[in-house]
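Dear colleague,

I am passing on the structure we spoke about, together with some notes on what turned up in it. Please look through it first and then read on.

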Amino acid sequence: MLPIKDDAGMPAEKPVELTANQCWDYIRKAEIGRLAVVADQHPEIFPINFVVDRGSVVFRTAEGTKLAAALEGAAVAFEVDGYDERLGQAWSVVLKGSAVQLESIEDILASEELPLFPWQSGQKNHFVRIDPVQTSGRSFMVNSAARRHYLRGTRPLPSVE
């Protein structure tokens with residue numbers, strides 16, 4: 001396999017593995033995450049708004065596929081990513097673990113105090129906590145051609161060779 005090169009023909013910088021603390025810093029800055037579950041033996045991904053609480057991620061949801069699959073007992077994954085225009089740097093963080101519904105009266109009362117408000121209307125009365133067992137992330141510099149296209153709001157045309 002040939003090494004990846006940037007638009008100037010220089011070898012691309014390698015991604016940097018993030019520490020657990022750096023991963024949590026990025027998670028706290030993100031507004032939207034994606035929850036990956038397995039439903040009916042197929043992967044499903046749902047966008048969710050969330051809050052960080054006591055070393056975990058908490059989200060609200062209604063009855064349905066997302067809730068049922070998350071609580072089925074299989075592992076779940078949660079992912080956030082972003083791009084810092086100022087630094088020309090992108091990042092991605094993934095948590096893997098299990099999801100549990102908050103059921104004790106103490107947890108439910110505490111969850112009501114979290115700044116977690118559903119974006120979509122409807123009854124979102126189920127609070128779910130993702131307890132991570134693995135946290136990983138990486139950041140990398142976005143090459144200058146991609147940054148220029150991103151800032152202009154355009155995408156480069158595929159090259160024909």
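Arg54 is exposed, with a relative accessible area of 60% (exposed means over 50%, buried under 20%, and partly exposed in between, with a 1.4 Å probe and protein chains only). Arg54 forms a salt bridge with Asp53, and their closest N and O atoms are 3.3 Å apart; a salt bridge here is a side-chain nitrogen of Lys or Arg within 4 Å of a carboxyl oxygen of Asp or Glu. Asp53, by contrast, is buried at 14% relative accessible area, and Asp53 also forms a salt bridge with Arg129, where the closest N and O atoms are 3.1 Å apart. Arg129 counts as buried, at 8% relative accessibility.

Please bear in mind that this is a predicted model, in which local features need pLDDT of at least 70 and side-chain atom pairs count only at pLDDT 80 or more, while totals for chains, interfaces and linings use all residues. Residues are numbered from 1 along each chain as its sequence is written, and side-chain values use heavy atoms, with hydrogens and water left out. Helices (H or I, at least four residues) and strands (E, at least two) are DSSP runs, numbered from the N terminus.

By the salt-bridge rule the count comes to six. One of them joins the side chains of Asp81 and Arg34, at 3.0 Å from N to O; because Asp81 lies in strand β6 and Arg34 in strand β2, this pair ties together parts that are 47 residues apart in sequence. Asp81 is partly exposed at 39% relative accessibility, and Arg34 is likewise partly exposed, at 27%.

The strands that hold this pair, β2 and β6, themselves pair in the antiparallel sense over three bridges (two strands pair if DSSP finds at least two bridges between them), and Ala36 has Ala77 in β6 as its bridge partner. β6 also pairs with β7, again antiparallel, over nine bridges, with Gly82 standing opposite Trp91 in β7. β6 and β7 form a hairpin with four residues between them, and Gly88 in the turn has a positive phi of about 65°.

Which residues have the most contacts inside the largest nonpolar core? They are Ile27, Leu35, Phe50, Val57, Phe78, Val80 and Val93, in a core of 26 residues; such a core is a set of buried Ala, Val, Leu, Ile, Met, Phe, Trp, Tyr and Cys residues joined through side-chain atoms within 4.5 Å. Among the elements that give two or more residues to this core are α1 (20-29), α2 (65-70) and β8. Apart from it lies another core, of six residues, including Val58, Leu114, Leu116 and Phe127.

Most residues other than glycine have a negative phi. Asp40, however, has a positive phi near 50°, and Gln41 has a positive phi of about 65°.

With kind regards
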